[in-house]
Amino acid sequence: MSKKKDLEKAIADSENEIEVLEKKRMRSQSALLEAYLNHTPPADADVEYFRIFSSLIDLERENLRKLNEELKKLG
């Protein structure tokens with residue numbers, strides 16, 4: 001039972017982390033969209049932040065998938 005509770009907590013933490021990362025990525029995404037709409041090149045920093053946060057989100061989603069699979073095996 002303890003393992004199941006630990007997994008449920010880890011899943012909740014992972015979901016929260018994804019939400020935080022998506023909010024951070026949204027800032028750079030807004031800057032990229034603004035540059036696109038204004039027909040100006042985006043700032044290199046905004047592009048890099050977007051790529052980094054997207055990669056971190058992908059990694060955390062993969063972690064969440066693994067946690068959910070492990071929980072499914074338990075119950």
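This is a predicted model: local features need pLDDT of at least 70, side-chain atom pairs count only at pLDDT 80 or more; totals for chains, interfaces and linings use all residues.
Local features were considered only at pLDDT of at least 70 and side-chain atom pairs only at pLDDT 80 or more, whereas totals for chains, interfaces and linings use all residues. Residues are numbered from 1 along each chain as its sequence is written, and side-chain values use heavy atoms, with hydrogens and water left out.

The secondary structure comprises two helices and zero strands, where helices (H or I, at least four residues) and strands (E, at least two) are DSSP runs numbered from the N terminus. Along the principal axes, the C-alpha atoms occupy a box of roughly 55 × 15 × 15 Å. Of the contacts (heavy atoms within 4.5 Å) with a separation of 6 or more, 75% join residues 24 or more positions apart.

The accessible surface amounts to about 5900 Å², with 54% belonging to carbon and sulfur atoms; areas come from the Shrake-Rupley method with a 1.4 Å probe, and for residues only the protein chains shown count as cover. Buried residues (under 20% relative accessible area) make up 20% of the 75 residues. The protein carries 14 positive and 16 negative side chains, and the centres of the two sets lie 6 Å apart. Lys and Arg count as positive and Asp and Glu as negative, without His and the chain ends; each charge is placed at NZ of Lys, CZ of Arg, CG of Asp or CD of Glu.

The largest nonpolar core consists of six residues, namely L7, I11, I18, L64, L67 and L71. Helices α1 (2-37) and α2 (44-74) are the elements that give two or more residues to this core. Such a core is a set of buried Ala, Val, Leu, Ile, Met, Phe, Trp, Tyr and Cys residues joined through side-chain atoms within 4.5 Å. In soluble globular proteins, nonpolar side chains tend to be buried together.

Within helix α1, L7 counts as buried because its relative accessible area is 4%. Beyond its neighbours within four places in sequence, L7 contacts L67, E70, L71 and L74. The C-alpha atoms of L7 and N68 are separated by 8.0 Å, although these residues are 61 residues apart along the chain. With the same exclusion of neighbours within four places, I18 contacts E60, R61 and L64. S14, also found in helix α1, is buried at 2% relative accessibility.

Terms used
Buried means under 20% relative accessible area, exposed over 50%, partly exposed in between (1.4 Å probe, protein chains only).
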